[in-house]
Amino acid sequence: IDPVVTCPGDQTAVCDISEVPAYTDYSAFLMAGGMVDENCGIDPATFTLVSEVSDGNTCPETVTRTYSVADSCGNVGTCVQLIIVNDTIPPMLGCPTAPAVAECDASEVAVFMSLADLLNMGGTASDNCVLDTLSFTLLSEESDGMTCPETVTRTYQIADSCGNVGTCQQIIFVEDITPPMITCLDDELT
């Protein structure tokens with residue numbers, strides 16, 4: 001009679017299957033909540049990870065681990081444990097904290113065309129797993145509709161490898177503080 005093997009419950013990981021190590025021996029398997037029902041006796045030295053197979057998907061990815069153990073007569077029982085790998089945490093994106101200043105128009109302040117541009121100007125970006133740096137983009141540019149001063153808000157976004165999106169806002173103050181120049185004609189004699 002084959003042993004009846006019950007794996008510990010399904011597990012989750014955020015970024016990678018390595019976050020949930022496979023059980024290395026029979027004792028670790030039992031301590032994690034695994035169970036074996038056997039009528040004659042288990043041979044703990046036969047406990048093994050038979051396979052670890054990914055479904056090939058991402059966000060989420062399902063990895064199936066199959067474990068086996070034999071009894072003292074060589075009868076083998078197996079069980080399957082699923083590990084779901086799924087990142088649901090958005091990246092953190094920080095625009096430069098000091099407001100940018102323009103005199104006549106917000107276009108005087110260059111748009112960040114890449115993540116590197118944002119970082120070079122004091123911005124920040126991080127993710128718990130992997131940033132998709134090519135996804136960085138200007139999402140919107142909105143004016144408050146006022147003049148002297150006008151406040152323009154640029155919203156940038158970036159995604160991680162699972163499509164979670166983080167945003168930040170850059171504030172631009174537009175205010176003309178330079179008085180106009182006037183030149184009078186030369187004096188005329190009458």
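Residues are numbered from 1 along each chain as its sequence is written, and side-chain values use heavy atoms, with hydrogens and water left out. Because the model is predicted, local features need pLDDT of at least 70 and side-chain atom pairs count only at pLDDT 80 or more, while totals for chains, interfaces and linings use all residues.

Let us start with the strands, which are DSSP runs of E with at least two residues, numbered from the N terminus (helices would be runs of H or I with at least four residues).

Strands β11 (residues 150-160) and β12 (residues 165-174) run antiparallel and share 10 bridges, with Thr155 standing opposite Gln169 in β12.

The structure holds two salt bridges, each defined as a side-chain nitrogen of Lys or Arg within 4 Å of a carboxyl oxygen of Asp or Glu. In one of them, Arg65 meets Glu52, with the closest N and O atoms 2.5 Å apart. This pair links distant parts of the chain, since Arg65 belongs to strand β5 and Glu52 to strand β4, 13 residues apart. Arg65 is buried at a relative accessible area of 3%, whereas Glu52 is partly exposed at 40%; buried means under 20% relative accessible area, exposed over 50%, and partly exposed in between (1.4 Å probe, protein chains only). The other salt bridge brings together the side chains of Arg154 and Glu141 (2.6 Å, N to O). Arg154 lies in strand β11 and Glu141 in strand β10, so parts that are 13 residues apart in sequence are tied together. Arg154 counts as buried at 1% relative accessibility, and Glu141 as partly exposed at 42%.

Attention can now turn to the cysteines. A disulfide is a covalent bond between the sulfur atoms of two cysteines, taken here as a pair of cysteine sulfur atoms within 2.5 Å. A search of the whole structure finds four disulfides. Among them is the link between Cys7 and Cys79, whose sulfur atoms are 1.9 Å apart. Cys7 sits in the loop between β1 (4-6) and β2, while Cys79 is part of strand β6 (residues 76-85), 72 residues away in the chain. Both are buried, Cys7 at 11% relative accessible area and Cys79 at 6%. The link is right-handed, with 75 degrees about the S-S bond.

Cys59 is joined to Cys162 by a disulfide with an S to S distance of 1.9 Å. This pair connects the loop between β4 and β5 with the loop between β11 and β12, 103 residues apart. The link is left-handed, with -75 degrees about the S-S bond. Cys59 is partly exposed at 26% relative accessibility, and Cys162 is partly exposed at 24%.

Cys95 and Cys168 also form a disulfide, with sulfur atoms 2.1 Å apart. The torsion about their S-S bond is about 65 degrees, so this disulfide is right-handed. When the bonded cysteines of the protein chain are numbered in sequence order, the pairing reads 1-4, 2-6, 3-7, 5-8.

Cys104 is exposed, with a relative accessible area of 59%.

Key: Two strands pair if DSSP finds at least two bridges between them.
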